[in-house]
Structure formats: structure tokens, C-alpha cells
Amino acid sequence: MTTTTPNLDKLTNLLATENITVEHRKVPTASFDVKSRILTLPLWKEMSKELYHLLILHEVGHALYTPEEDWVDAVKDSKKLKGYVNVVEDARIERNMKNKYPGSRRDFTVGYKEIYDRDIFGVKYKPTEKMNFIDRVNLYFKLGSSMDVTFSSEEMKYVERVESTTTFDDVVLLSEEMLAYAKETAETDEDHD
């Protein structure tokens, strides 16, 4: 079942600067298909407007900044690399959205706080030191101060580089290096979500 909210759909298209298709479905999370240009939003119960805005802003970030052909090429051969690219790209596109739409910063902060409080990521009661590197990077950039995420001094060098990616090529290169680092430190991706 697909539902729509015309006013927010129009706003989504204005933010994306194109006529993307917006669908509201019973899905576990929001997504954006860079090829078909379909933004899918979940039908979660009792979602605040800030959380709804966060999901729209995040996925519109992919519409604006994630290049279709480059994305497909980067992730086609490795599921593990795809996870790393997705995390690093999420940090880049959200930073770009906050810079492009400064008023969105509050929606990101409040929305991710709600995600944490509702334990949508399933990490609220899980010690971060038991999580693998890329999951901690993801939580650090999305949940910020809602969760105490720690890194070794070596890992922090990668985190700082994630903060400074500007192009999708930067994202792919850094993701490959981070995956190689995780393999070198004998970390497995079995628990990677």
C-alpha cells in the first residue's frame, strides 16, 4: 500500500530540485533509488515531524549528491564495501544538506534523538566498544551526542577524514581504506548492520 502527502511531496521535490517520485510504504526504513529516482518513506507510527523531515532531508541528500553511475560502479563487486561507502556517503550528504539548508540542522538533531530514544537502530543498550569500526562511525555521525562513541587514535584519523570528504570519489577511496584497515585489525563484518 502506498500513501502520499501532497504538500510534503511537493516540498521534497523542491528540496531535490527535480521531480522525484515519493512513495510512502510499509518498509523498515527510508531509501532513495539513485537510478529510478524513487524516494521511499516508511509508515512508522507516531513519527514526529522532525523525524519525518530528517528522513526526507537524508534521502533528498542522496538525490542531490550521490551520483548514480558512480554509486553502482563503486558497490557492484563487494557487499562489504557497499556498507562502508553507504556510511561514509551518508555523513557527506548529511553535511552537505545541513550546509545547503541550515534550518535543517534542528530536524537532524531532533530526528536522530528520536531514532535513538525509540531504539530504531537497535543499539541503545549495546556497548559501543563491542561494535565494529564502521558501525561506530555510522553512529558517531548520526547520533552524535546521544551516544558515547569512542575510537582509538588510529581510528580517529579515519573519522576526521570522513568529516572532510567533499566528492563521491573521496568517499569511495576512503571507504576502501577503512575496509582494508578493518581487515588488517582482524575485525569481521559479521555484526555490521
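**Exercise 1. Find how strand E2 (residues 31-33) is joined to E3, and in which direction the two run.**

Solution. Step 1: count the bridges; 3 of them link E2 to E3, and the strands run antiparallel. Strands here are DSSP runs (E, at least two residues), numbered from the N terminus, and two strands pair if DSSP finds at least two bridges between them. Step 2: pick out a pair; aspartate 33 has isoleucine 38 in E3 as its bridge partner. Step 3: look at the hairpin of E2 and E3, with 4 residues between the strands, where arginine 37 takes a positive phi near 65 degrees.

A word on the model: it is predicted, so local features need pLDDT of at least 70 and side-chain atom pairs count only at pLDDT 80 or more, while totals for chains, interfaces and linings use all residues. Residues are numbered from 1 along each chain as its sequence is written, and side-chain values use heavy atoms, with hydrogens and water left out.

**Exercise 2. Work out which strand runs parallel to E3, and why E3 is largely enclosed.**

Solution. Step 1: E1 (residues 21-25) is joined to E3 by 5 bridges, and these two run parallel. Step 2: valine 22 stands opposite leucine 39 of E3.

**Exercise 3. Decide whether lysine 79 is buried or exposed.**

Solution. Step 1: locate lysine 79 in helix H4; helices are DSSP runs of H or I, at least four residues. Step 2: its relative accessible area is 79%, and exposed means over 50%, so lysine 79 is exposed.

Technical notes. Buried < 20%, exposed > 50% of the residue type's maximum accessible area, 1.4 Å probe, protein only.
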